[in-house]
Amino acid sequence: YHLMVPGHQDLLLGAGARWSHDSITQTFATLNFAPPQETDSIYSWFIQDQIGIVPKKLSLILGSKFEHNNRSGFEVQPNGRLIWMPTSHQTVWAAVTRAVRTPSRLDQDLQLTDFLEATPPIFLRVVGSKNFRSEHLLGTEVGYRTLIVGNLYIDLSLFRNDYNDLYGYGPGSECKETTPPPAHIVLQEPLANALKGDSSGGE
């Protein structure tokens, strides 16, 4: 829905839903997903308001996406953007955004076993975790756009992204298994939100 609200406000609203069923058949003894059948669901809503602080000169855009999924629950992804146009051919802007990557079947349901050593027989097993949460991004950016000549514009921008709860491995464990024979040792590594990082650059 697109609404014009008194007070120089331009409002956008929306909602959506998605259901996705899958069925996985195991064909290799070393690779499996548990459970083999599952239905993912995502319900989302968004709202965005562009506020004309100074008409045709200064605008503030505020918005957020709200989402509920069956893997990580409720997620909020807000965005704020300030736009200043000192002249009709110049724009300065800054933005702050929070985004997430929600867990997938791979993060939570994977069971992957690989051979490591023959004597004694040792295997490595990587397993998904139901405790795997969404990965988070906090992005900040600033930019400038101006008309050079005729129809030629130039854009300059700088950005920094901070990431948290990234894909990694949690504390491992060791166990002895007798099936299939012969008896062997399994080193188990669970997937976990174990890393963080950042990136920055310009364009």
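The following questions and answers explain how terms are applied to this predicted model.

Residues are numbered from 1 along each chain as its sequence is written. In this predicted model, local features need pLDDT of at least 70 and side-chain atom pairs count only at pLDDT 80 or more, while totals for chains, interfaces and linings use all residues, and side-chain values use heavy atoms, with hydrogens and water left out.

Q: What makes up the secondary structure of the protein, and what pattern does the protein follow along the sequence?
A: The protein has 1 helix and 13 strands. Helices (H or I, at least four residues) and strands (E, at least two) are DSSP runs, numbered from the N terminus. Along the sequence, the pattern is β-β-β-β-β-β-β-α-β-β-β-β-β-β.

Q: How does the radius of gyration of the protein stand against that of a compact globule of 203 residues?
A: The protein has 24 Å, whereas a compact globule of 203 residues would have a value near 17 Å. The radius is taken over C-alpha atoms, and the globule rule is 2.2 Å times the number of residues to the power 0.38. Along the principal axes, the C-alpha atoms fill a box of roughly 75 × 35 × 30 Å.

Q: Why is serine 44 called buried?
A: Buried means under 20% relative accessible area, exposed means over 50%, and partly exposed lies in between (1.4 Å probe, protein chains only). Serine 44 has 17% relative accessibility, and therefore counts as buried. Serine 44 belongs to strand E4 (residues 37-54). Leaving out residues up to four places away in sequence, serine 44 touches Gly14, Ala15, Gly16, Lys65, Phe66 and Glu67; contact means heavy atoms within 4.5 Å. In the protein as a whole, buried residues make up 26% of the 203 residues.

Q: Why is asparagine 161 described as buried?
A: The relative accessible area of asparagine 161 is 17%, so this residue is buried. Asparagine 161 lies in strand E11. Apart from neighbours within four places in sequence, the contacts of asparagine 161 are Leu137, Leu138, Gly139, Thr140, Gly197, Asp198 and Ser199.

Q: Is leucine 11 buried or exposed, and which residues does leucine 11 touch?
A: Leucine 11 is buried, because its relative accessible area is 15%. This residue is placed in strand E2 (residues 9-23). With residues up to four places away in sequence not counted, leucine 11 touches Tyr1, His2, Leu3, Val5, Ile47, Gln48 and Asp49. Leucine 11 and tyrosine 1 are 10 residues apart in sequence, and their C-alpha atoms are 8.0 Å apart in space.

Q: What makes phenylalanine 115 and phenylalanine 123 an aromatic pair, and which kind of pair is this?
A: The structure holds 3 aromatic pairs. One of them joins phenylalanine 115 and phenylalanine 123, with 5.5 Å centre to centre and 70° between the planes. Rings of Phe, Tyr and Trp (its six-membered ring) pair if their centres lie within 6.5 Å; planes under 30 degrees apart count as stacked, over 60 as edge-to-face and the rest as tilted. The pair of phenylalanine 115 and phenylalanine 123 is accordingly edge-to-face.

Q: Why are phenylalanine 115 and phenylalanine 123 called partly exposed?
A: Phenylalanine 115 has a relative accessible area of 45%, so this residue is partly exposed. Phenylalanine 123 counts as partly exposed because its relative accessibility is 23%.

Q: Why does lysine 56 count as exposed?
A: Lysine 56 has a relative accessible area of 76%, and is therefore exposed. This residue lies in the loop between E4 and strand E5 (58-69). Although lysine 56 is not a glycine, its phi is positive, at about 65°.

Q: Why does aspartate 165 count as partly exposed?
A: The relative accessibility of aspartate 165 is 21%, so this residue counts as partly exposed. Aspartate 165 is found in strand E11 (residues 152-169). Its phi is positive, about 60°, although aspartate 165 is not a glycine.
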